[in-house]
Amino acid sequence: VQLQASGGGLVQPGGSLRVSCAASGSIRSIADMCWYRQAPGKQRELVAAITRGDSTSYVDSVKGRFTISRDNAKNMLYLQMDSLKPEDTAVYYCKADILRLRSLQFQTYWGQGTQVTVSS
């Protein structure tokens, strides 16, 4: 099982970007999925989370600007980022709790990260 994040890049302040995370491998089910970010010199922080039933939560600094979503049929996770600010610059990581085939317990997996840079 692996998570592959993609979609990062350079965007101007006020712009939009969507990052994606693809889960692949011998997957039976995916429970909670999350996006974290880590800026240079700072701790990794939880940005947004979504349950299998599509309940969502966000850190205060991105509420109203970011939207987390998922496609359970495709094992995909998304983060739509609008009205981006320079302080959103970070490496964005996806995380998911996954139940593998022939396994009895969910395990936590991390993607490799995708760089988002907000700058003029």
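## Leu-79 and its surroundings

In this predicted model, where local features need pLDDT of at least 70, side-chain atom pairs count only at pLDDT 80 or more, and totals for chains, interfaces and linings use all residues, Leu-79 is in contact (heavy atoms within 4.5 Å) with Leu-17, Arg-18, Val-19, Trp-35, Val-47, Ala-48, Phe-66, Thr-67, Ile-68 and Tyr-92, leaving aside its neighbours within four places in sequence. Residues are numbered from 1 along each chain as its sequence is written, and side-chain values use heavy atoms, with hydrogens and water left out.

Leu-79 belongs to strand S8, where helices (H or I, at least four residues) and strands (E, at least two) are DSSP runs numbered from the N terminus. Because its relative accessibility is 0%, Leu-79 counts as buried; buried means under 20% relative accessible area, exposed over 50%, and partly exposed in between, with a 1.4 Å probe and protein chains only. From Leu-79 to Gln-105 there are 26 residues in sequence and 27 Å in space, C-alpha to C-alpha.

Since Cys-21 lies in strand S3 (residues 17-24) and Cys-94 in strand S9, the pair ties together parts that are 73 residues apart in sequence. The torsion about the S-S bond of Cys-21 and Cys-94 is about 65°, so the disulfide is right-handed, and both Cys-21 and Cys-94 are buried.

Cys-34 is a separate case, because its sulfur is 9.9 Å from the closest cysteine sulfur, in Cys-94, which is too far for a bond. With a relative accessibility of 9%, Cys-34 also counts as buried.

## Thr-89 in its loop

Thr-89 is found in the loop between strand S8 (76-81) and strand S9 (90-100). A polar contact is a pair of N or O atoms within 3.5 Å; within protein, one must be able to donate a hydrogen and the other to accept it, and residues adjacent in sequence count only if both atoms are side-chain atoms. A polar atom of the Thr-89 side chain lies 2.9 Å from the backbone oxygen of Pro-86, and a polar atom of that side chain also lies 2.9 Å from the backbone nitrogen of Val-118. Not counting residues up to four places away in sequence, Thr-89 touches Ala-39, Gln-115, Val-116, Thr-117 and Val-118.

## Strands S9 and S10

Two strands pair if DSSP finds at least two bridges between them, and five bridges join S9 to strand S10 (residues 106-110), the two running antiparallel. Within this pairing, Ile-98 stands opposite Gln-107 in S10. The hairpin of S9 and S10 has five residues between the strands, and Arg-102 takes a positive phi near 65° in this hairpin.

## Other residues with positive phi

Most residues other than glycine have a negative phi, and most peptide bonds are trans. Asp-54, although not a glycine, has a positive phi of about 75°, and it lies in the loop between strand S5 (45-50) and strand S6 (56-58). Ser-83, in the loop between S8 and S9, likewise has a positive phi, near 50°. Asp-54 is partly exposed, with a relative accessible area of 46%, and Ser-83 is partly exposed, with a relative accessible area of 40%.

Conventions
Disulfide = S-S within 2.5 Å.
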